[in-house]
Every structure is written in structure tokens, then in C-alpha cells.
Amino acid sequence: MTAGSESVSTGRLVLAPARERDAADMVPQSSQLIYVCDMADVADGEGLRIESPDLPEAVAVFHVDGKYFATSDTCSHAEASLSEGFVENCQVECPLHFARFDLGTGKARSLPAMFPVKTYPLSITGGRIFLRLED
Ligand code: FES
């Protein structure tokens, strides 16, 4: 478990605001790099929902064959958590109506979703994953 974080349930990580977290959590942060989780927090082939007041929305971090991706956690079709979806071939399948999204681009690859989900670039340092917020 990450210092300064609170696990609500499996597959979900809720972070305190940066100013309330451990000082060690804050070292690599800048105004654009937001710590989201450790690499070890996301099992291969799984997603992890990240909720943080430092993020513009709930984000899903995915681990696929040693690569990590981040997207909006909410499906573009309706209210479903993509972090709870099935991950295969760098795509996630929504658990509600089974639309598939490309984890790299966020593009909807199958109906009923017609719109992409937002993707976020990640930086990994010392096993820690940071989401880069673009201005
Ligand atoms: S809510 Fe995701 S496909 Fe409908």
C-alpha cells in the first residue's frame, strides 16, 4: 500500500490532496506531474481507479505486459468504470455494455460507444507512476 493513500476497495485507490500526503510522495511532483500510484499497485492485465483532488476526474491506470496507460475512468457511453473492465490486446472492454477502447489513443473500437475517452501521458520514476497534466 502506498504511504498516504487509502484503499477503499480492491481496484480503487483514493489519494489525499498532495499537501496532506507524505513528504516522500511530494518530492517528484511539479505543477504538471501528479503521483497516481506505484507500479506494484496495478496487476498485469488489470486497471486501477484513481481518485484524487489533484486530478480533473477519476482516472483509470492500466497495466498491459509491462506497459502502463491512463484514461478517463468513466466510459464515454454511460456511467461505467473502465477500471473494472476486461483488458486484452491494449484495449479495455467496458463492463456495462462491452464497448472497447484503445488504451493508447482512447478511441472507441466498438459500439455502443461512439466517442473516445481521454488519455493521459504517464511518467514512471523509481516504480512510481505520475500522470502528466497538459496545460
Ligand atoms: S457504459 Fe460503457 S459501453 Fe455502455
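What follows is a working chat about the predicted model shown above.

Me: Before we start, what kind of model is this, and how are residues numbered?
Reply: This is a predicted model, in which local features need pLDDT of at least 70 and side-chain atom pairs count only at pLDDT 80 or more, while totals for chains, interfaces and linings use all residues. Residues are numbered from 1 along each chain as its sequence is written.

Me: OK, how many helices and strands are there?
Reply: The protein has one helix and 12 strands, where helices (H or I, at least four residues) and strands (E, at least two) are DSSP runs numbered from the N terminus. Along the sequence the pattern reads β-β-α-β-β-β-β-β-β-β-β-β-β.

Me: And what share of the protein is buried?
Reply: Of the 135 residues, 32% count as buried, a residue being buried if 20 or more other C-beta atoms lie within 10 Å of its own, exposed if 12 or fewer, and partly exposed in between, with C-beta atoms placed from the backbone.

Me: Which residues touch the most other members of the largest nonpolar core?
Reply: That core has 31 residues, and Val36, Cys37, Ile50, Val59, Val61, Phe62 and Phe101 touch the most other members; a nonpolar core here is a set of buried Ala, Val, Leu, Ile, Met, Phe, Trp, Tyr and Cys residues joined through C-beta atoms within 7 Å.

Me: Which strands supply it?
Reply: At least two residues each come from strand 2 (12-15), strand 3 (33-38), strand 4 (46-51), strand 5 (59-64), strand 6 (67-72) and strand 12 (128-132). Strand 5 gives the most to this core, with five residues.

Me: Cys37 is on that list, so what stands opposite it in strand 12?
Reply: Ile129 stands opposite Cys37, and strand 3 and strand 12, which run antiparallel, are joined by five bridges. Two strands are taken to pair if DSSP finds at least two bridges between them.

Me: What sheet are those two in?
Reply: They belong to an open sheet of three strands in the order 3-12-11, with antiparallel pairing. Strand 3 and strand 11 (122-125) are the edge strands, each pairing on one side only. From one strand to the next, the twist averages 30 degrees, with axes being lines fitted to C-alpha atoms, for helices over the stretch in contact, and angles running from 0 to 180 degrees between N-to-C directions.

Me: What about the turn between strand 11 and strand 12?
Reply: The hairpin has two residues between the strands, and Gly126 takes a positive phi near 55 degrees there. Strand 11 and strand 12 pair over four bridges in the antiparallel sense, and Thr125 has Arg128 as its bridge partner in strand 12.

Me: Last one, is Pro116 buried or partly exposed?
Reply: Pro116 counts as partly exposed because it has 16 C-beta neighbours inside 10 Å. Pro116 is found in the loop between strand 9 (100-102) and strand 10 (119-120), and its C-alpha lies 5.1 Å from that of Gly106, 10 residues apart in sequence.

Me: And Phe115, buried or exposed?
Reply: Phe115 is exposed, with 12 other C-beta atoms within 10 Å. Leaving out residues up to four places away in sequence, Phe115 touches Ser76 and Ala108.

Conventions:
Two residues are in contact if their C-beta atoms, placed from the backbone, lie within 7 Å.
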